[in-house]
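This briefing gathers selected features of the structure shown below, grouped by topic. Please read it with the sequence and the coordinates at hand.

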Amino acid sequence: MRIINLSKKTFVAKTTILLPILLAFTGCSDSDSDAPSEQVVPLLAPNISAIKVDPNNWPKSESPIKRSAEQEAKIAALLEKMTLEEKVGQVIQADIASVTPEQVTHYHLGSILNGGNSAPNGNNHASPEEWLKLADEFWLASTDASDGGVAIPALWGIDAVHGNNNVLGATIFPHNIGLGATNDVDLMRNIGSVTAKEILVVGIDWTFAPTLAVVQNDKWGRTYESYSENPEVVAKYSGPLVEGIQGVPNTDSFLGDGHLLANAKHFLGDGSTKDGKDQGDTYVSEAVMRDIHGAGYPPAIEHGAQVVMASFNSWHGRKMHGSRQMLNDILVDRLGFDGFVVGDWNGHGQVVGCSNVSCPQAMNAGLDMFMAPDSWEQLYHNTLKQVKSGEISLARLDEAVSRILRVKFRAGLFTAGLPSKRPYAGKYELLGAAEHRAVARDAVRKSLVLLKNNDNILPLSPKSKVLVAGAGADNIGQQSGGWTLTWQGTGNKNSDFPNADSIYAGIEDAVQRAGGVATLSENGSFDEKPDVAIVVFGEQPYAEFQGDVTDLDYKPTGDLALLKSYKAQGIPTVVVFLSGRAMWVNPELNASDAFVAAWLPGTEGAGIADLLFTDAQGNTQYDFTGRLSFSWPKDPLDVELNIGNAEYDPLFAYGYGLSINDSQNLEQLNEEIDPSLSTVNDSHFLFAGDPVQPWRLVLNDAGGNTQVSSNHQISSQSKVEIQAKDFKAQEDIVQVNWTGQGNVSIQGNPVDLSKKASGGMAIEFAYNVLVHTATEVNLSLGCGLECAKEFDITEALKSKAMSEWHTAKIDISCFKDDESRLDEVNVPFLLSSDAGLSIQLSAINIVEGTPGSSCTL
């Protein structure tokens with residue numbers, strides 16, 4: 001789910017108050033171009049293929065939970081009492097960063113959530129006590145019937161996807177990709193149970209887990225949220241995970257003490273979008289959608305799943321949030337789902353003809369609850385109007401409300417009472433409790449996959465002189481990955497994890513207890529030559545579309561240089577590789593003696609030391625039992641390398657993994673790749689109206705960021721609209737319209753543009769101004785916390801309005817001043833305006849500059 005803190009996230013609409021995570025800068029010289037005319041071509045409808053879907057082709061299943069006559073009578077009685085306003089409120093879910101308890105009371109909201117960067121008082125490191133206090137406040141607000149209305153407790157949902165990962169001190173489990181390698185169903189059930197208890201400690205009712213995506217393209221930034229490329233693994237895991245969270249259906253444990261609501265997501269096809277693009281389009285047959293991507297849902301339903309979340313992606317051009325065929329005919333009528341369907345983060349706004357604040361199409365398609373984090377208030381009013389007008393029938397609204405109420409009754413929400421008075425609430429000692437950490441440590445041990453162990457270097461003697469190097473060695477945030485305290489998993493320190501061990505801490509403890517010496521050196525330097533070096537490195541944390549990549553090459557070179565230096569000095573090396581996907585690391589494999597794929601192990605770094613070392617007496621403590629649940633690429637472009645493919649040619653096949661006793665040396669691997677893959681794309685940002693990977697096109701207003709993932713998108717608070725338009729080819733430009741303060745930008749991971757600045761390079765973009773009545777337009781280029789330079793181009797643009805296409809070429813050096821950081825540019829283009837600007841864009845690139853150009857548009 002796309003989660004952004006609406007009060008704290010990157011860009012704010014007005015550039016003069018840009019929040020300091022990504023500040024801005026601006027632009028310079030202009031030349032005319034014989035580019036497009038100003039004719040506005042109507043937006044074409046998406047190319048929706050005529051794919052035939054027959055629900056009878058899908059498996060017939062049913063929920064094990066039979067409807068209770070007593071509960072059905074209560075639901076009917078409530079519906080009879082509820083006003084239309086109260087009913088509409090039940091189908092709206094708002095984010096805690098954008099709603100107050102008083103508003104929950106006033107609008108009778110049925111649910112709240114906290115996004116990945118939303119937390120009590122806007123503090124991602126808020127104490128557990130603050131979480132529980134806020135839970136009480138929202139519960140009291142939702143049950144306030146002082147106005148004479150009905151009192152229906154609101155459900156609070158949270159992305160607890162690898163433990164209660166939003167809350168300080170919680171046990172953080174390995175991400176799903178690592179759990180897939182364990183092949184341990186009972187472990188999944190235990191993880192679900194532990195996670196549920198730690199969520200209940202802070203008074204929350206519902207977790208947005210498990211993720212049942214079957215990833216087929218590893219470029220996707222959510223690959224680590226998938227258990228396997230093999231649908232059989234996902235199907236095998238889904239039921240036990242749901243049971244671990246919710247309890248066993250038709251027993252006293254079901255949604256009883258120690259359990260809460262699970263949520264199967266994302267329905268359907270999220271793991272197979274074209275080019276691995278987050279929120280993109282999935283082009284597969286009905287059989288593939290059913291047998292691969294749908295594999296986890298029948299078991300989840302048969303184990304009592306009460307909530308299913310609709311997916312952001314499209315299927316042959318039709319957004320899942322607007323597909324009645326999928327949400328109703330297949331999910332409910334055929335698969336037998338008997339809970340309610342919730343949307344994803346403003347996902348309804350991506351349906352054709354919809355916006356974040358208006359989408360009757362989604363509710364008519366079978367969406368029961370809108371996840372409208374920041375758009376909820378206008379959406380409430382518009383939905384109310386649409387029911388009154390008949391655009392949404394009262395019968396459909398009643399059906400959605402009935403489903404929500406049914407789940408609330410089953411969850412015991414009407415009798416649970418104040419969150420702080422519930423059985424597990426306030427038992428803060430359960431957060432990171434020893435028995436919970438033991439489960440997580442066991443998960444780490446079972447998730448590690450040994451890819452190389454030449455000359456059986458592992459396990460090591462703990463009595464050795466051990467050098468522990470690399471940026472990931474003593475970095476709990478990096479080893480935990482995204483969705484950890486913050487949405488992206490960034491901005492955390494080791495001190496933010498009071499119940500955790502870094503990988504180094506685990507190694508140090510194991511070595512010192514046996515009489516050896518462990519030395520930490522992040523940069524790899526040492527005074528005394530070690531007996532062995534353990535080098536820990538890998539991907540930096542990311543989440544969702546921020547993690548989309550163009551290929552699987554692990555590009556940082558500093559780690560490889562360190563490994564080669566150790567090899568030259570005759571120091572045996574063991575690599576512990578942290579990643580959210582299988583990656584092409586042939587050079588690093590060649591330069592190491594042993595190589596462990598550790599994935600994203602979470603807070604129990606000591607679990608890694610358990611496998612790397614013998615005990616003090618030289619006995620093996622634990623063997624490597626983890627086996628690849630994703631095939632390992634032989635080439636960086638092996639992005640759709642899946643078991644069963646016709647031309648399946650991996651470096652390490654699905655199911656591969658060495659054990660300690662395997663005497664199998666890995667021969668020298670090929671290190672040659674296409675030279676173009678060895679460089680970061682720091683020059684091409686927009687082509688034919690589309691962002692060039694790994695860059696993203698993003699809209700922003702005061703509500704936060706909205707990634708552009710379709711040919712028509714609107715920002716969170718509807719201040720900026722973008723549409724694909726035709727010029728020389730179909731939809732080869734984009735048109736951006738401002739109705740309020742906001743911006744459009746290119747975003748991505750930081751690149752170094754300082755050499756391009758000194759080399760006379762320029763940023764070039766083609767544009768056509770259709771309308772310009774705005775009072776303030778700024779062009780900027782973002783380079784982190786300390787880059788705040790921007791240029792006012794309001795008047796310069798007015799001279800270009802309604803004339804012809806132009807090409808602006810602005811020297812990068814124009815953006816350099818004493819405070820700018822051109823070595824860390826993560827927003828190479830940002831155009832902000834207030835209401836009244838309409839502009840078309842076709843291409844944004846870095847090119848050779850023009851001698852003598854000035855820093856004006």
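**Salt bridges, helix packing and a buried proline**

D184, R441, D442, R445, K446 and D610 are linked in a network of salt bridges, a salt bridge being a side-chain nitrogen of Lys or Arg within 4 Å of a carboxyl oxygen of Asp or Glu. This is a predicted model, in which local features need pLDDT of at least 70 and side-chain atom pairs count only at pLDDT 80 or more, while totals for chains, interfaces and linings use all residues. Residues are numbered from 1 along each chain as its sequence is written, and side-chain values use heavy atoms, with hydrogens and water left out. Helices (DSSP runs of H or I, at least four residues) and strands (runs of E, at least two) are numbered from the N terminus.

**Salt bridges**

- The structure holds 35 salt bridges in total.
- R441 is partly exposed, with a relative accessible area of 27%, whereas D610 counts as buried at 7%; buried means under 20% relative accessible area, exposed over 50%, and partly exposed in between, with a 1.4 Å probe and protein chains only.
- R445 and D442 also form a salt bridge, at 3.8 Å from N to O, and because they are three residues apart in helix α15, about one helical turn separates them; R445 counts as buried, at 13% relative accessibility.
- A further salt bridge joins the side chains of R403 and D368 (3.1 Å, N to O), linking helix α13 (residues 394–410), which holds R403, to the loop between α11 (360–365) and β12 (370–371), which holds D368, 35 residues apart. Both R403 and D368 are buried.

- In helix α18 (residues 558–568), the buried residues are D559, L560, L562, L563 and Y566; they cover an arc of only 160° around the axis, so they lie on the same side of α18, the arc being that of the directions from the helix axis to the C-beta atoms.
- The face of α18 turned away from this buried side carries the exposed residues G558 and A568.
- The elements covering the buried residues of α18 include β14 (465–469), β16 (532–538), β17 (573–578) and α19 (586–590), where contact means heavy atoms within 4.5 Å.
- Just after α18, G570 takes a positive phi of about 75°.

**Packing of α6 and α7**

- The axes of helix α6 (residues 185–200) and helix α7 (residues 231–246) come within 7 Å and cross at roughly 30°, which means that α6 is roughly parallel to α7; angles under 35 degrees count as roughly parallel, over 145 as roughly antiparallel, 65 to 115 as roughly perpendicular and the rest as oblique.
- The contact is made by V185, M188, R189, G192, S193 and A196 of α6 together with K236, Y237, P240, L241, E243, G244 and I245 of α7.

**P210**

- P210 sits in the loop between β5 (206–207) and α7 and is buried, with a relative accessible area of 3%.
- Leaving aside residues up to four places away in sequence, P210 touches Y227, L241, V242, I245, A262, N263, A264 and K265.
- The C-alpha atoms of P210 and N176 are separated by 9.2 Å, the two residues being 34 residues apart along the chain.

Methods: Axes are lines fitted to C-alpha atoms, for helices over the stretch in contact, and angles run from 0 to 180 degrees between N-to-C directions.
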